[in-house]
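Please guide me through the reading of core and helix packing in the model shown here.

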Amino acid sequence: EENLKPKVEWLKELGMFDSQVEHTITTFPSLFGCCLETGLKAKVETLRNYGVTDHHIVRIVSTFPNLFSYTSKRLVHRISVVNASGVLTDHPSCSFMKLTDAKFTARFEARSSLEEHLKPTVEWLKELGM
């Protein structure tokens, strides 16, 4: 109980309702094995640093608590790729977090790489009057 209580209280402090806390715990019971300071709080702070509001953090965590199983590197990578593509605010539910690595790459990284390579070519063609 001494391991569970601080985490439940912290989830409530985030703004979760009891039903959301219950869903989060039953969906991802490994949450209780995560370190509160270096795991849970650090990952929420990462989301905040990328402009995700507390309201959306509650939605993300309550719908996809497995987020806490991501390494910090994986979390930062996904958020930064989506943020760089300019669609982080368009995906407030952060449904992209649920994608497999292959699907994430296909949806976001391939698109940004394509745009990165096409933009100079399109600009060059415009300069030629095409």
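Q: Which residues touch the most other members of the largest nonpolar core?
A: In soluble globular proteins, nonpolar side chains tend to be buried together. Here, in a predicted model, the largest nonpolar core has 32 residues, of which Trp10, Leu11, Leu31, Leu47, Leu67, Phe68 and Met97 touch the most other members. A nonpolar core is a set of buried Ala, Val, Leu, Ile, Met, Phe, Trp, Tyr and Cys residues joined through side-chain atoms within 4.5 Å; buried means under 20% relative accessible area, with a 1.4 Å probe and protein chains only. At least two core residues come from each of helix 1 (4–14), helix 2, helix 3 (36–49), helix 4, helix 5 (72–84) and helix 6 (101–127). Helices are DSSP runs (H or I, at least four residues), numbered from the N terminus. For this predicted model, local features need pLDDT of at least 70 and side-chain atom pairs pLDDT 80 or more, whereas totals for chains, interfaces and linings use all residues. Residues are numbered from 1 along each chain as its sequence is written, and side-chain values use heavy atoms, without hydrogens or water.

Q: With which residues is Met97 in contact, leaving aside its neighbours within four places in sequence?
A: Met97 contacts (heavy atoms within 4.5 Å) Leu47, Phe64, Leu67, Tyr70, Leu75, Arg78 and Ile79.

Q: How do the axes of helix 2 and helix 4 cross?
A: Two packed helices are described by the angle between their axes and the distance between the axes. The axes of helix 2 (residues 18–27) and helix 4 (residues 54–63), lines fitted to C-alpha atoms over the stretch in contact, with angles from 0 to 180 degrees between N-to-C directions, come within 8 Å and cross at roughly 40 degrees. Helix 2 is therefore oblique to helix 4, as angles under 35 degrees count as roughly parallel, over 145 as roughly antiparallel, 65 to 115 as roughly perpendicular and the rest as oblique. Gln20, His23 and Thr24 of helix 2 meet Val58, Val61 and Ser62 of helix 4.

Conventions:
Buried means under 20% relative accessible area, exposed over 50%, partly exposed in between (1.4 Å probe, protein chains only).
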